[in-house]
Amino acid sequence: MSDPARVPSLNLRRVLALACKESLQVVRDPSVILIAFVLPVVMLFLFAYAVSLDIKSVPIGVVLESDGAEAQSLAAGFAATRYFVAKPARDRREVTEDLVGGRLRGLVVIPQDFERRLASSWRRPLIQVVTDATQPNTANFVAGYAQGVLTGWLAARRTPMYPALSLEPRFWFNPEIESHRFLVPGAIAVVMTIIGTLLTALVVAREWERGTMEAILSTPATVGDIIAGKLLPYIVLGLAATFLSALLAVIVFGVPLRGSWPTLMALSLAFLFPALGQGLLISTIARNQFIASQLAMFSGFLPAFLLSGFLFEIDSMPAPVRAITYIIPARYFVGSLQTVFLAGDVWPLLLPNIAAMLIIGTLLFGLVRLKTRKSLDV
Amino acid sequence: MSLLSPRLRAQIVKEMLCILRDPKSRYLLIVPPILQLLIFSFAATMELKHVEIGLYNRDAGRWGHELAARVGAAGFVRRVVPAHEESEIRRMLDTRAVLAALVIPETLSRDLAAQRPATVQIILDGRRANGGQVLLGYLNAIVAGLNAELPGQSGIGREILAVRHWFNPNLVYQWFIVPSLGGVLVMFITLAVTALSIARERELGTFDQLLVSPCTPLEIIVAKIVPAMLLGLLMGMIMASAGIFGYGIPFTGSYLLLSASLLLFIVSIVGIGLMVSSICATQQQAILGTFAIGVPTVLMSGFATPVENMPRVLQWLAEAIPLKHYLIILQGSFLKALPPEEVFAHAWPMAVIALVTLTVATIFVRGKLQ
């Protein structure tokens with residue numbers, strides 16, 4: 001049995017032997033290759049082409065109740081814009097069903113007295129827009145773009161009415177506002193969480209479940225040796241997966257890398273520390289692969305998706321949820337990755353993030369050590 | 001073979017015990033999904049709140065001050081961070097201290113007083129362009145309000161558009177996210193439980209015992225399916241009830257139709273899970289397989305972004321995703337009083353998927369069993 005007193009010292013030969021054994025297990029299991037190399041490619045592809053937050057070609061119905069030339073010209077304006085795919089109708093009852101069925105996301109109603117409204121200086125709205133607000137985001141876009149089409153049409157029609165004061169927006173780091181440029185770095189963080197936390201949790205839980213952990217513990221290897229030997233292959237795997245994903249992001253998906261490669265890899269290494277620690281902790285608590293996978297999903301994967309600020313703004317979350325995000329390593333990783341890709345090596349931002357990840361990692365490994373040593377006594 | 005032969009019943013009981021025997025896993029099947037729904041439904045919001053905005057006001061006059069005051073007083077702004085030179089703005093944006101920065105030009109008040117058009121620059125963080133675009137919309141509304149009060153500008157603030165948001169007039173984001181997230185969580189848990197069912201037996205070596213038992217392959221498969229289905233149905237009901245009673249989301253559709261759709265959805269997911277399980281030799285493979293299938297499925301289901309935004313080929317592919325159809329029925333049943341023919345239009349694809357996946361899975365498992 002190992003002696004707790006000599007736990008801290010690492011025996012390099014033993015660590016390498018254990019790492020070698022673990023690597024063989026990794027290489028021989030096709031599911032690991034699937035998760036580490038195929039899933040990232042699929043995810044990057046989906047984030048680049050499928051999960052677009054830039055709304056284009058939203059299907060809407062254009063109900064033309066008026067026969068006037070002006071009304072027809074406006075309807076043509078709605079048909080011409082690339083934001084909408086317009087389905088023409090004369091009566092709103094023709095298209096209401098499509099709105100309920102989800103085949104249309106909104107209706108633009110050009111009323112019968114459109115010409116009269118246009119001529120009058122009364123403050124009456126010119127047209128009506130109905131949206132399908134079951135998806136509030138799309139509803140907002142439909143209303144916003146409809147306003148844009150109408151304003152453009154008005155401006156082209158008569159002497160342009162410039163508003164006196166207007167905002168001139170500029171998006172730094174991503175001037176074309178392409179959503180995949182900030183989604184792809186986030187996708188890398190999710191993949192790394194799956195590799196770092198889920199995979200580690202599973203492999204260690206498997207040893208416990210099958211009873212082979214006791215066998216390893218009874219060898220001369222110390223707890224430190226065992227943990228280091230277990231983790232080394234997954235660090236390499238995680239870094240390889242990040243490198244591949246980043247390479248694909250830059251070469252295939254046109255995401256710029258304005259920072260440097262060494263910074264990117266350093267960040268990934270810093271993130272792997274808490275991610276692996278979390279995986280180890282889960283496996284020591286669960287000791288059963290099904291429970292470990294559920295815990296990893298709950299505490300690792302979903303937070304990396306939803307609480308890391310890559311899909312939803314952290315600032316907008318309620319205070320208790322915001323407080324939770326501070327202990328989620330992915331929060332620091334997503335922000336840093338987006339910065340390295342789109343802005344550059346902004347050290348005043350990156351250093352505190354790296355520090356936060358390392359602190360969380362240290363805490364997690366401390367907990368692991370506590371738990372594992374206790375289990376040795378049993 | 002009678003459907004409830006004692007042999008089959010014994011098998012089902014055994015499978016149920018496999019899932020429910022361990023108190024930890026019993027607890028884990030029910031509690032975390034509900035916690036997840038609770039936390040993530042509050043986190044997942046597209047509205048902006050508590051935003052920090054940088055402000056570099058170079059205008060000493062009245063209007064620059066007025067604009068700054070209005071932005072500062074807006075409900076979505078937590079703090080306006082003043083800057084005194086260009087480089088400070090750059091630093092704030094670089095370090096993500098602010099989401100956006102307003103740069104008000106020296107000539108603003110002069111131009112407006114002389115009724116000349118004026119522009120104010122707003123620099124947004126492209127790394128968070130998502131929130132940035134929403135923020136831009138909010139700020140444009142503030143500017144429009146200011147415009148209406150400028151000298152000689154009567155009529156410009158005119159509302160040219162009457163917008164009505166059907167089914168969710170106040171655009172409450174939770175009305176969208178809670179039912180959908182519930183659907184996603186139910187899918188993941190059902191998929192994981194089914195995918196593990198056969199893979200666990202093979203990893204632990206008990207699969208051979210099943211082979212020598214008097215049970216027919218079909219009985220074994222049915223026994224594997226039933227507990228996962230019951231669990232999926234239960235979770236689906238809990239999630240829907242949480243939406244109705246916990247969040248007070250209006251439910252306008254038919255409970256019966258939704259329950260029937262839930263059943264079809266669960267069966268199709270169980271079919272997929274069983275296929276995964278029959279291919280996998282270990283639990284690890286089954287769990288990783290669940291992720292490899294689950295994650296892309298969620299991304300393409302219309303949960304995160306509308307399906308019609310995707311390229312045509314992926315849209316066709318999405319037709320084969322049960323979650324996509326179920327989400328439409330779910331959202332429609334909650335808010336839209338989805339008529340039966342619309343429910344049916346999305347229910348039959350799930351039935352087809354269920355039929356195909358269950359058949360394929362049965363063939364696979366049979367192959368393994370013989």
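Q: Phe141(A): buried or exposed?
A: Buried, with 18% relative accessible area. Keep in mind that this is a predicted model.

Q: Which helix holds Phe141(A) and Tyr145(A)?
A: Both are in helix H6 of chain A. They are 4 residues apart, about one turn of the helix.

Q: How many aromatic pairs are there over all chains?
A: The count is 21. One of them is the tilted pair of Phe114(A) and Trp153(A). The ring centres are 5.8 Å apart and the planes make 45°.

Q: What does that pair tie together?
A: Parts of chain A that are 39 residues apart in sequence, because Phe114(A) is in helix H5 (residues 114–119) and Trp153(A) is in helix H6 (residues 136–157).

Q: How accessible is Phe114(A)?
A: Phe114(A) has 0% relative accessibility, so it counts as buried. Trp153(A) counts as buried too, at 11%.

Q: Back to Phe141(A) and Tyr145(A). What is the geometry of their aromatic pair?
A: Stacked. The centres are 5.8 Å apart, with 25° between the planes.

Q: Which residues do ring pairs link into a cluster?
A: Phe47(A), Phe301(A), Phe305(A) and Phe310(A), together with Phe188(B) and Phe291(B).

Q: Where does the charged end of Arg331(A) sit?
A: Over the ring of Tyr326(A), 4.3 Å from its centre.

Q: What about Arg90(B)?
A: The charged end of Arg90(B) sits over the ring of Trp172(A). The distance to the ring centre is 4.6 Å.

Q: Switching to salt bridges. How many over all chains?
A: A search of the whole structure gives 29.

Q: Which residue does Arg103(A) meet in a salt bridge?
A: Glu342(B), at 2.9 Å from N to O. The pair crosses between chains. Arg103(A) is in the loop between helix H4 (92–100) and strand E3 (106–110) of chain A. Glu342(B) is in helix H14 (residues 340–369) of chain B.

Q: What about Asp113(A), which partner does it have?
A: Asp113(A) forms a salt bridge with Arg117(A). Their closest N and O atoms are 3.1 Å apart. Asp113(A) is buried, at 18% relative accessible area. Arg117(A) counts as buried, at 18% relative accessibility.

Q: And Arg128(B) with Asp315(A), where do they lie?
A: Arg128(B) is in the loop between strand E4 (118–125) and helix H6 (129–148) of chain B, and Asp315(A) is in the loop between helix H11 (289–306) and helix H12 (319–325) of chain A, so the pair joins two chains. Their side chains meet in a salt bridge, 4.0 Å from N to O. Arg128(B) counts as buried, at 8%. Asp315(A) is partly exposed, at 22%.

Q: Which residues are in the salt-bridge network with Arg128(B)?
A: From chain A, Glu313(A) and Asp315(A). From chain B, Glu52(B), Arg78(B), Arg79(B), Asp125(B), Arg127(B) and Arg128(B).

Q: Last thing. What domains does the assignment give for chain A?
A: Domain 1 is 14–51 + 178–371, and domain 2 is 58–157. Their centres, taken over C-alpha atoms, are separated by 47 Å.

Definitions and conventions:
Residues are numbered from 1 along each chain as its sequence is written. Chains are lettered from A and ligands numbered from 1 in the order in which they are written. This is a predicted model: local features need pLDDT of at least 70, side-chain atom pairs count only at pLDDT 80 or more; totals for chains, interfaces and linings use all residues. Side-chain values use heavy atoms; hydrogens and water are left out. Domain bounds come from an automatic or database domain assignment. Rings of Phe, Tyr and Trp (its six-membered ring) pair if their centres lie within 6.5 Å; planes under 30 degrees apart count as stacked, over 60 as edge-to-face and the rest as tilted. Buried means under 20% relative accessible area, exposed over 50%, partly exposed in between (1.4 Å probe, protein chains only). A charge sits over a ring if NZ of Lys or CZ of Arg is within 6 Å of the ring centre and within 35 degrees of the ring normal.
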